[in-house]
Amino acid sequence: MRILLTNDDGIHAEGLASLERVARTLSDDVWVVAPEQDQSGYAHSLSISEPLRLRKIGEKHFAVRGTPTDCVIMGVKKILPGAPDLILSGINSGANIADDVTYSGTVAGAMEGALLGIRSIALSQGYSYVGEDRIVPYETTEALAPALLQKLVAAPLPDGVLLNVNFPNCLPEEVAGTVVTSQGKLVHSLWVDERRDGRGLPYYWLRFGREPVEGKQGTDLHALRNRLVSVTPLQLDLTAHEIRDQLSKALA
């Protein structure tokens, strides 16, 4: 099995090294094509207004000055000697659940793989802060992902479906199990923070602020809060099929 790895935290991210260790439990034919720099929050974006720069940094390891989507395209269309059998994106520093899925470059890497007709799985790990330090227990994903991925690779999936896997913020032995979930719903939590530069001119940062949300049972939010691994099947077809008839009648 040929496996292509990518991420959105960048080629030197700890989570990518962790993912490579996971992938090597499944195959010896593992390739890494990841962004030169952090591309978090870039979602499913393409670099079409500037050239892509490619740098080989080791055997089967390449950095692309572009987005996760660019990396998957470059890997499949240019770098690998043949199409991969599996694309793994991650391991993201932080969960990609609920509405945040739409912003995620990690999920976008798997999304591009699904568009190319390749089985694709995004993996993310919850974290916590101790003082100013972010503590990401990648050992949880490393311990649990190999067996889980073997099952997910063998499971039947229709075309246009990718898998979004999130591991809870706890030690491996504290994980309560694995569940198949749907996307939860967050209160919109992006804020515009206005600041001043050295000349007194305004500039702006988008910043996150979390508000308490009750995750309904069966959602990715509920799973992670209860120390469960969440596996969410996502589809490329964004059509709201359930209201097509209503709209047709309204326009008749």
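## Thr106 and its surroundings

Thr106 touches Asp8, Ser89, Gly90, Asn92, Asn96, Ala122, Leu123 and Ser124, not counting residues up to four places away in sequence; contact here means heavy atoms within 4.5 Å. The structure is a predicted model, in which local features need pLDDT of at least 70 and side-chain atom pairs count only at pLDDT 80 or more, whereas totals for chains, interfaces and linings use all residues. Residues are numbered from 1 along each chain as its sequence is written, and side-chain values use heavy atoms, with hydrogens and water left out.

Thr106 is placed in helix H3. Helices (H or I, at least four residues) and strands (E, at least two) are DSSP runs, numbered from the N terminus. With a relative accessibility of 0%, Thr106 counts as buried. The accessibility classes are buried (under 20% relative accessible area), exposed (over 50%) and partly exposed (in between), computed with a 1.4 Å probe on protein chains only. The side chain of Thr106 takes part in a polar contact of 3.1 Å with the side chain of Asp8 and in another of 3.0 Å with that of Asn92. A polar contact is a pair of N or O atoms within 3.5 Å; within protein, one must be able to donate a hydrogen and the other to accept it, and residues adjacent in sequence count only if both atoms are side-chain atoms.

Asp8 belongs to the loop between strand S1 (2–6) and helix H1 (14–23), and Asp8 is buried at 2% relative accessibility. Leaving aside residues up to four places away in sequence, the contacts of Asp8 include Pro35, Gln37, Ser40, Pro68, Asn92, Ser104 and Thr106. Ser40 is located in the loop between strand S2 (29–35) and strand S3 (54–58). Beyond residues up to four places away in sequence, Ser40 touches Asp8 and Asp9, and a polar contact of 3.1 Å links the side chains of Ser40 and Asp9.

## Salt bridges

Side chains of opposite charge can pair when their charged atoms come close. The structure holds 10 salt bridges, each defined as a side-chain nitrogen of Lys or Arg within 4 Å of a carboxyl oxygen of Asp or Glu. One of them joins the side chains of Arg21 and Glu142 (2.8 Å, N to O). Arg21 lies in helix H1 and Glu142 in helix H4 (residues 138–154), so this pair ties together parts that are 121 residues apart in sequence. Arg21 is partly exposed at 47% relative accessible area, as is Glu142 at 26%.

A salt bridge also forms between the side chains of Lys185 and Asp99 (3.6 Å, N to O). Lys185 is in the loop between strand S10 (177–180) and strand S11 (190–196), and Asp99 in the loop between strand S5 (86–93) and helix H3 (105–115), so the pair ties together parts 86 residues apart in sequence. Lys185 is exposed at 59% relative accessible area, whereas Asp99 is partly exposed at 24%. In the salt bridge between Arg227 and Glu174, the closest N and O atoms are 3.8 Å apart. Arg227 lies in the loop between helix H5 (220–225) and strand S13 (228–235) and Glu174 in the loop between strand S9 (161–167) and S10, so the parts tied together are 53 residues apart in sequence. Finally, salt bridges that share partners join Arg2, Asp29 and Lys60 into one network.

## Second largest pocket

The second largest pocket holds about 320 Å³ of space. On a 1 Å grid over the protein atoms alone, where a 1.4 Å probe is used, a pocket is an open set of points with protein on both sides within 12 Å along at least five of seven lines, and lining residues have an atom within 4 Å of a point. Grid points are joined across faces, edges and corners, and the volume is the space filled by probe spheres set on the points.

The lining of this pocket consists of 14 residues, of which Val101, Gln183, Leu234, Gln235 and Leu238 lie nearest its centre. H3 and S13 are the elements that give two or more residues to the lining. S13 supplies the largest share, four residues.
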